[in-house]
Amino acid sequence: MRAFPVQLPSGIRYWTVVDDELGVVEEADGFLRELRLARGRAETTTKAYAEAIVLFLVWCESSR
């Protein structure tokens, strides 16, 4: 699992979370898109949040 940059056709960029097979983690992606597009946060903000979400999800997987 890792943070991954996304560039939309409009040119706007944000960061999301992908799993080990490069599938988008939908819950995280929705939250990060909301931050960037609806709330107008900076791309670097979504990068920081995506990295923190990855750490949390990896911890959750290891705690099973």
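This is a predicted model: local features need pLDDT of at least 70, side-chain atom pairs count only at pLDDT 80 or more; totals for chains, interfaces and linings use all residues.

Residues are numbered from 1 along each chain as its sequence is written, and side-chain values use heavy atoms, with hydrogens and water left out.

Entry 1, Thr-46. I looked up its accessibility and found 0%, so Thr-46 counts as buried. Thr-46 sits in helix 2 (residues 43-62); helices here are DSSP runs of H or I with at least four residues, strands are runs of E with at least two, and both are numbered from the N terminus. Beyond four places in sequence, I found Thr-46 in contact (heavy atoms within 4.5 Å) with Tyr-14, Trp-15, Leu-32, Leu-35 and Arg-36.

I checked how strand 1 (residues 2-7) meets strand 2 (residues 13-18): they run antiparallel and are joined by six bridges. Pairing of two strands takes at least two bridges found by DSSP. Ala-3 is opposite Val-17 of strand 2. Five residues lie between the strands, and in this hairpin Gly-11 has a positive phi near 100°.

I found its side chain joined to that of Asp-29 by a polar contact of 2.6 Å. For that term I used N or O atoms within 3.5 Å; within protein, one must be able to donate a hydrogen and the other to accept it, and residues adjacent in sequence count only if both atoms are side-chain atoms. Among the residues that Thr-16 touches, outside four places in sequence, are Phe-4, Val-24, Leu-32 and Ala-50.

I paired rings of Phe, Tyr and Trp (its six-membered ring) with centres within 6.5 Å, calling planes under 30 degrees apart stacked, over 60 edge-to-face and the rest tilted. The count came to two aromatic pairs. Phe-31 and Tyr-49 make a tilted one, 5.9 Å centre to centre with 40° between the planes. Phe-31 is in helix 1 and Tyr-49 in helix 2, so the pair ties together parts 18 residues apart in sequence. Phe-31 is partly exposed at 36%, and Tyr-49 is partly exposed at 39%.

Technical notes. Buried means under 20% relative accessible area, exposed over 50%, partly exposed in between (1.4 Å probe, protein chains only).
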